[in-house]
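Visitor: Please take me through one part of this model up close. Pick a single residue and show me its surroundings.

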Amino acid sequence: MNKSKNRIIALTLILSAMSFARMTEVQFEGFDNPQILSGFDSLNTRFVGQWPFGPSMAVAYDAARSMVYLGAGGGVYVLDVSNPSSPVKVSDIYTRGFVQGLFYDAGNQRLYVAGDQGGLEIWDISDALNPFKLGFYFTPGLAYGVYVSGSYAYVADRGSGLRIINVSNPANPTEAGYYDTPGSAWGVYVSGSYAYVADWLSGLRIINVSNPVNPTEAGYYDTPGCALGVYVSGSLAYVADGYNSGLRIINVS
């Protein structure tokens with residue numbers, strides 16, 4: 001009986017190792033850089049520590065309290081990273097959908113969750129040991145990205161474009177307006193009067209949201225790949241453009 005059990009365990013470990021080896025081979029196929037192939041440290045980057053549970057698609061950082069909010073499947077880990085080599089779990093949050101995007105508002109210590117089919121969730125995280133949900137809004141699509149500016153949460157809602165949600169009353173969020181991007185909205189960043197949307201297959205869309213009830217498109221740049229995420233600093237938009245197109249830097253002055 002013990003021999004049979006040991007054989008099963010050994011076979012499971014071998015199959016797991018083979019699967020991992022195959023996954024690594026596929027993931028890095030076409031790369032000949034040994035630093036990249038190693039999957040560890042690379043140029044100017046050094047491994048410090050990790051929280052090994054996932055899968056994780058989103059992260060937000062609370063600099064004032066040295067905390068990280070880490071999306072992990074259908075929930076969020078609240079981690080104390082004051083010692084970055086040894087993160088400690090403080091608490092966790094259970095969400096309705098798979099966590100695709102996070103935005104932390106330090107001003108009122110609220111965490112906004114883009115939860116795929118679960119829409120937008122708003123959590124009070126002022127007591128990190130006891131987070132509680134303030135409210136939610138079921139968007140019509142799949143919530144993949146979120147950015148909060150003022151009284152509005154801007155949600156990249158996949159096939160339903162950019163949704164603008166009034167969150168001035170977090171217990172009862174309401175939709176103020178929307179803009180139906182031509183592709184599939186995956187990521188969003190707001191700067192000034194503009195929402196920059198990473199739109200799968202149609203690139204970077206720049207939406208004027210000075211009137212959130214009636215947003216209009218100001219311009220766009222059709223990136224060569226599939227736009228998945230965007231970050232804006234000054235007059236430059238940095239677009240994560242899918243597997244084969246890398247990072248695209250767009251002048252949006």
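Guide: Aspartate 157 sits in the loop that links strand S10 (152–156) to strand S11 (162–166). Keep in mind that this is a predicted model.

Start with charge. Aspartate 157 is buried, yet it has no salt bridge. The nearest side chain of opposite charge belongs to arginine 163, 4.7 Å away.

Now look at who touches it. Beyond its neighbours within four places in sequence, aspartate 157 is in contact with Thr139, Pro140, Gly141, Leu142, Ala143, Arg163 and Ala185.

One of these contacts deserves a second look. A polar atom of the aspartate 157 side chain lies 3.2 Å from the backbone nitrogen of alanine 143.

Glycine 101 is 42 residues away along the chain, but the C-alpha atoms of glycine 101 and alanine 143 are separated by 7.8 Å.

Go back to the contacts of aspartate 157, which include Ala185. Strand S13 covers 184–191. This strand belongs to an open, antiparallel sheet of four strands, in the order S13-S14-S15-S16. S13 and S16 stand at the edges with a single partner strand each, so one side of each has no neighbour in the sheet. Seven bridges join S13 to S14.

Technical notes. Residues are numbered from 1 along each chain as its sequence is written. This is a predicted model: local features need pLDDT of at least 70, side-chain atom pairs count only at pLDDT 80 or more; totals for chains, interfaces and linings use all residues. Side-chain values use heavy atoms; hydrogens and water are left out. Helices (H or I, at least four residues) and strands (E, at least two) are DSSP runs, numbered from the N terminus. Buried means under 20% relative accessible area, exposed over 50%, partly exposed in between (1.4 Å probe, protein chains only). Lys and Arg count as positive and Asp and Glu as negative; His and the chain ends are not counted. A salt bridge is a side-chain nitrogen of Lys or Arg within 4 Å of a carboxyl oxygen of Asp or Glu. A polar contact is a pair of N or O atoms within 3.5 Å; within protein, one must be able to donate a hydrogen and the other to accept it, and residues adjacent in sequence count only if both atoms are side-chain atoms. Contact means heavy atoms within 4.5 Å. Two strands pair if DSSP finds at least two bridges between them.
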